[in-house]
Amino acid sequence: MKIIYPPDQSSESIHRIVAEAKGDVVFVGDPRTPVEPGSRMFERMAQVVTESGAGWVYSDSLNHPRIDYQLGSIRDGFDFGPVVAVSTAAAREAGTHNGHRFGGLYDLRLRISEKRPIVRVPETLYRDRAATELDHDARFAYVDPQNRDYQIEMEAIATDHLKRIGAFLEPKFRPFEPAKNRAGFPVEASVVIPVRNRERTIEDAVRSALSQETDFPFNVIVVENHSTDQTGQILRRLADSRLVVHVPARPDLGIGGCWNEAIFHERCGRYVAQLDSDDLYSSPGTLQQIVDALRAGPYALVVGAYTLVNFQLQEIPPGLIDHREWTRDNGRNNALRVNGFGAPRAYATSVVRAIGFPNVSYGEDYAMALRVSREYDVGRIYDSIYVCRRWDGNSDSSLPLETANRHDLYKDWVRTNEIRARQQR
């Protein structure tokens with residue numbers, strides 16, 4: 001047995017490998033990552049293919065555990081490692097689509113997954129030089145304009161898959177009726193800032209929110225999640241009638257749980273706008289622009305664009321993240337393929353109260369945006385209205401592999417749940 005290394009991942013290259021396969025299992029490798037097979041790597045992976053009826057098998061490698069595949073693991077960046085075992089019969093049964101320049105293997109994987117299991121072997125079967133940490137290039141590759149042709153193709157492949165499994169959403173939306181959203185709110189908008197142990201940045205964030213200039217009343221709700229540093233003391237010094245500092249009764253809340261505390265607070269406004277505790281609005285007009293967009297739709301959800309900066313607020317690559325890959329016709333389908341919607345996000349409070357945020361500290365925003373977009377149209381602001389700091393205190397900065405795997409597994413579960421819900425529509 002040997003590993004076959006395609007010269008690229010075009011449909012033509014993948015079709016040739018499948019057509020010319022001699023055995024029941026073909027091993028497909030990534031030529032960019034050298035692999036040192038373990039003593040029985042080929043036999044073990046082939047055994048799992050044969051005995052489980054799997055169409056596609058992958059495994060852990062030395063010092064690099066992976067996560068299990070599920071219905072929602074449809075992102076093209078899923079980490080299978082640099083070698084996979086593919087059932088020849090399953091590949092031929094699934095078929096290979098002609099004309100893909102980049103996504104031949106991705107298309108084959110999704111087609112196989114529709115009919116056969118995709119199975120992880122949680123055993124160390126080989127050694128490789130795969131990276132163990134996420135980097136900025138990988139994290140933001142899907143919004144890099146240089147990758148636009150690649151992303152368009154991947155979006156088309158994922159969309160066709162969703163259609164085949166009955167999870168595709170036509171561009172038909174439930175009307176958002178703001179008239180039902182008028183009574184009982186003390187202000188028009190609330191800026192929501194969940195925070196725990198951000199003594200270096202919380203004052204900047206709060207002052208950024210309080211400096212907003214609007215033609216409507218607003219407040220700033222800071223959910224102070226039992227910080228053990230000076231965050232609480234700093235907030236107590238920021239005396240302002242518009243500032244609401246709320247300490248939850250429970251000590252076990254994640255960021256999503258803090259959002260629930262804010263949206264159900266008696267002083268919460270008709271609309272709620274995101275501001276993370278280490279970020280800033282880019283100008284005093286940001287909140288007005290957000291609320292104007294929500295009203296104009298009218299929308300239940302509006303997503304803006306942001307600029308990446310370092311701790312000193314100097315722009316860093318890739319700079320502007322505007323998610324221009326979004327389209328009204330297909331954005332909420334493609335959102336199942338990528339890992340985010342963008343920022344800042346703002347919602348109609350009545351809508352998010354009816355749903356509730358999951359009580360987690362990673363992916364709570366993605367889960368909510370997917371859920372809202374299942375029913376409602378989404379408004380977009382493509383100008384940079386938000387400054388996102390990347391620094392060593394970020395929750396997604398320089399993640400160890402175990403944490404990255406846990407995050408990926410959760411987002412895959414969110415997608416699984418969302419796909420199943422869409423299949424019921």
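Trainee: Why does cysteine 258 count as buried?

Mentor: Its relative accessibility is 1%. Buried means under 20% relative accessible area, exposed means over 50%, and partly exposed lies in between, with a 1.4 Å probe and protein chains only. Cysteine 258 therefore counts as buried. Before we go on, this is a predicted model: local features need pLDDT of at least 70, side-chain atom pairs count only at pLDDT 80 or more, and totals for chains, interfaces and linings use all residues. Residues are numbered from 1 along each chain as its sequence is written, and side-chain values use heavy atoms, with hydrogens and water left out.

Trainee: Let's turn to the rings. What makes tryptophan 56 and phenylalanine 80 a tilted pair?

Mentor: Rings of Phe, Tyr and Trp (its six-membered ring) pair if their centres lie within 6.5 Å; planes under 30 degrees apart count as stacked, over 60 as edge-to-face, and the rest as tilted. Here the centres are 5.3 Å apart and the planes make 55°, so by that rule the rings pair and are tilted. The structure holds 16 aromatic pairs.

Trainee: Why can this pair be said to tie together separate parts of the sequence?

Mentor: Tryptophan 56 lies in strand β4 (residues 56-60), while phenylalanine 80 is in the loop between β4 and β5 (83-87), so the pair ties together parts that are 24 residues apart in sequence. As for the naming, helices (H or I, at least four residues) and strands (E, at least two) are DSSP runs, numbered from the N terminus. The protein chain has 14 helices and 16 strands.

Trainee: What makes arginine 200 a charge over a ring?

Mentor: A charge sits over a ring if NZ of Lys or CZ of Arg is within 6 Å of the ring centre and within 35 degrees of the ring normal. Arginine 200 lies over the face of phenylalanine 311, at 4.4 Å from the ring centre. Likewise, the charged end of lysine 411 sits over the ring of tyrosine 366, 4.9 Å from its centre.

Trainee: Why is helix α4 called largely enclosed?

Mentor: Nine of the 10 residues of α4 (residues 104-113) are buried, so the helix is largely enclosed by the rest of the structure. Among the buried residues are Asp107, Arg109 and Arg111. Across the protein chain, buried residues make up 56% of the 425 residues.

Trainee: Why is asparagine 197 called partly exposed?

Mentor: Its relative accessible area is 26%, and by the cut-offs I gave you this falls in the range between buried and exposed. Asparagine 197 is in the loop between β8 (189-195) and α7 (202-210), and its phi is near 55°, a positive value in a residue other than glycine. Leucine 313 also has a positive phi, near 70°. Leucine 313 sits in the loop between β13 and β14 and is partly exposed, with a relative accessible area of 40%.

Trainee: Where is proline 318 found, and which kind of peptide bond joins it to proline 317?

Mentor: Proline 318 is found in strand β14 (residues 315-321), and the bond is cis, with omega about 0°. The peptide bond from glycine 297 to proline 298 is cis as well, with omega near -15°.
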